[in-house]
Amino acid sequence: MPVSHGHPRTPTRAPARSRARRRLLSAVLALFLGLLGALVAPAAATADPGDPNPHMIDWTVVDTFRGTAGNDIPLREGQTDCKSPECNPPVDGFGRRHILEHGVVPDHEDIQETVGTEGFCVPAPDNRVICTNTDASLVVVYVTHNDPRSGDGRPFGIITAYYFLPCFQAADCPGPEQPHKVDTALTYAGDGSAVNGSPVRLSAKLTNDLGTPVNGRAVRFALGTGTTQQTCTGTTASGTASCTIGSVDQPQGTSNAVPVTVTFGGDDDYNPSSTSAELSLTSPTKLDYTGVRHVANGTPAQLAAKLTDFRGGPVPGRNVRFALGSGDHEQTCTGTTSDTGVATCTVASVDQPLTDSATVPLRASFAGDAGYLASDTSAQLKLQYATGRAYGISAHVGLIGVPLLHIDPQPDTGTIRTADATATDTPCSAEYTSPLLSVQKLCPKVITTLAPGKVTATSTVAQARIGLPGVPLIEVSGLTAASSSQCGKATGHTTLTLKIAGVPVTVSGDPNTEIPLLGGGRLIVNEQLPATGADAGLKVNGIHLVLPAGGGEVVLASTDSAMHNCGD
């Protein structure tokens, strides 16, 4: 609220001798002090960050006075002034130290008469009281509220007391000291950093020229400048005003900082004040993997990721680390983001183990810096691999439900599954002889190579003689079957010399050549079947004999090859 202005009412006069003595003293002091001036605006101690005066306060009470209502008015040792250039502008102190810097401490009786005489004193802003004693030519200013920094629970007390020159002509006499607005100071006390996209708490302490809190005043905070400025307002409580900007949205720039300006607009009692601070500014980032999704051992892999800020804009010039695989198998490289925010690097030759899932973990990470927060991303890249199998013979033959012949695949490489260059070492079989079937020198093999990935399965049978009930005698020599697959294609072929019932048969070499047999059986030469569950693959059986009436089958020289995770 505004303080009331106007002259105090006429005080009760002191005895003539007392008045004369005081006038004489006033004149002498006036000659000594000169024009030391009007009401002082003192400040408080360095213990309070809102205090504009760096000189320490001595709260010791050196004298005590009583106001018109018997209220306690201490005179403290106080605080000295801070002059230029240490303080610019200069800042006044208070109490005995301040008074002595500008003259002499008035007599105890003069101060007591001035503060204790009804009508000499008028209230001013911020719990201040201005007392003017024209008889003694004395002004005393004191503060009624308690400052917790004193630690004694007593009022702040006398700010200043000074004699002024006596006035002999009424026309030239100034009126009593009038209340005026109190100076204020703001000190920023909020967060020291801001993160784009996150809330930030802004806070400041508003104090008067004594360094004590000013309550119930609106303080405006402005984060940033220009069109991107964000504002909020808080009201002081215990001198502190706070408000929160819910989501910081400021340009990152090159300084990695954002200014905050704090303003108190002033009112009827207080002068305006302002302050500013600089908050460190960081922005969240997002990293998205954009590189290859399939890799193959023995070949290069180009890895890439895009780094963007919280708005989705590119973040250029930052290093991104890529790690392909994990543990002992980790392969790393580093790329720097371009103007579009994309970082790329190449692992020169992939070397990763084949897992059950046939995937390789990929992690890309940005470590963060002064302006941007760290981020990372991960992906599972598919690892190219090959499967294959080769064996010499298998047979399952029965007659009217009675098993005649049962041969599991032999010799058999088993199913090969690998992402590396390999070759099987399955031993060849010299021969297999029974009354219904005899074969000699069977050799299976599967070989895989890299860059490009390829798998080739071969099976050879030197001689074979099949004499089963219900079909003519079949004789085979020089049988070789092969299946070869790589990403994008699979091929197969069969070569052999064939006789049926002792008669040579010319075979074209075309896939799936079928020869009908007397009695209803079928002989398929160079049987080729596409692989299932693969990007490219083929199964090749050199000879596949199918007996009539569900009597069973015989397979000679079987091969499988397939490639997986070939990519787009």
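1. Let's start with strands β35 and β36. In this predicted model, β35 (residues 536–546) pairs with β36 in the antiparallel sense, over 10 bridges.

2. Strand β23 (residues 385–399) runs antiparallel to β36, and 12 bridges join the two. Here R389 has D560 of β36 as its bridge partner. How much of β36 is buried? The strand covers residues 552–564 and is mostly covered, with 10 of its 13 residues buried.

3. Next, a look at L545 and the core around it. The largest nonpolar core has 33 residues, and those that touch the most other members are L468, L498, L523 and L545. Leaving aside neighbours within four places in sequence, L545 is in contact with I466, L468, I474, L517, R522, L523, G552, E553 and V554. Another core, of 27 residues, lies apart from the largest one; Y289, A343, C345 and A419 are among its members.

4. The structure holds three aromatic pairs. One of them joins W59 and F94 in a tilted arrangement, 5.9 Å centre to centre with 45 degrees between the planes. W59 belongs to strand β1 (residues 58–66) and F94 to the loop between β2 (72–78) and α2 (95–102), so this pair ties together parts that are 35 residues apart in sequence. Both W59 and F94 are buried.

5. F94 also pairs with F156. That pair is tilted as well, at 4.5 Å centre to centre and 40 degrees between the planes. It links distant parts of the chain, with F94 in the loop between β2 and α2 and F156 in strand β6 (residues 155–163), 62 residues apart. F94 and F156 are both buried. Taken together, W59, F94 and F156 form one aromatic cluster.

6. There is a ring of interest elsewhere: which charged end sits over the ring of Y385? It is that of R417, placed 4.6 Å from the centre of the ring.

7. A five-stranded sheet comes next. The sheet is open and its pairing is mixed, with the strands in the order β16-β22-β21-β18-β19. Why is one side of β16 and of β19 left without a neighbour in the sheet? Strands β16 (294–295) and β19 (331–336) stand at the edges and each has a single partner strand, so one side of each has no neighbour there. Strand β18 (residues 319–324) runs antiparallel to β19, and six bridges join them. Within this pairing, L324 stands opposite Q331 of β19.

8. The side chain of Q331 reaches the backbone oxygen of S349 at 3.0 Å and the backbone nitrogen of D351 at 2.9 Å. Leaving aside neighbours within four places in sequence, Q331 is in contact with F322, A323, L324, V347, S349, V350, D351 and Q352.

9. With a relative accessible area of 35%, L404 is partly exposed. L404 and L436 are 32 residues apart in sequence and 8.5 Å apart in space, C-alpha to C-alpha. Neighbours within four places in sequence aside, L404 is in contact with V397, G398, L399, L436 and P469.

10. Finally, some figures for the whole chain. It has three helices and 36 strands. Of its 568 residues, 47% count as buried. Among contacts between residues at least 6 apart in sequence, 57% join residues at least 24 apart.

How values were computed:
Residues are numbered from 1 along each chain as its sequence is written. This is a predicted model: local features need pLDDT of at least 70, side-chain atom pairs count only at pLDDT 80 or more; totals for chains, interfaces and linings use all residues. Side-chain values use heavy atoms; hydrogens and water are left out. Rings of Phe, Tyr and Trp (its six-membered ring) pair if their centres lie within 6.5 Å; planes under 30 degrees apart count as stacked, over 60 as edge-to-face and the rest as tilted. Helices (H or I, at least four residues) and strands (E, at least two) are DSSP runs, numbered from the N terminus. Buried means under 20% relative accessible area, exposed over 50%, partly exposed in between (1.4 Å probe, protein chains only). A charge sits over a ring if NZ of Lys or CZ of Arg is within 6 Å of the ring centre and within 35 degrees of the ring normal. Two strands pair if DSSP finds at least two bridges between them. A nonpolar core is a set of buried Ala, Val, Leu, Ile, Met, Phe, Trp, Tyr and Cys residues joined through side-chain atoms within 4.5 Å. Contact means heavy atoms within 4.5 Å. A polar contact is a pair of N or O atoms within 3.5 Å; within protein, one must be able to donate a hydrogen and the other to accept it, and residues adjacent in sequence count only if both atoms are side-chain atoms.
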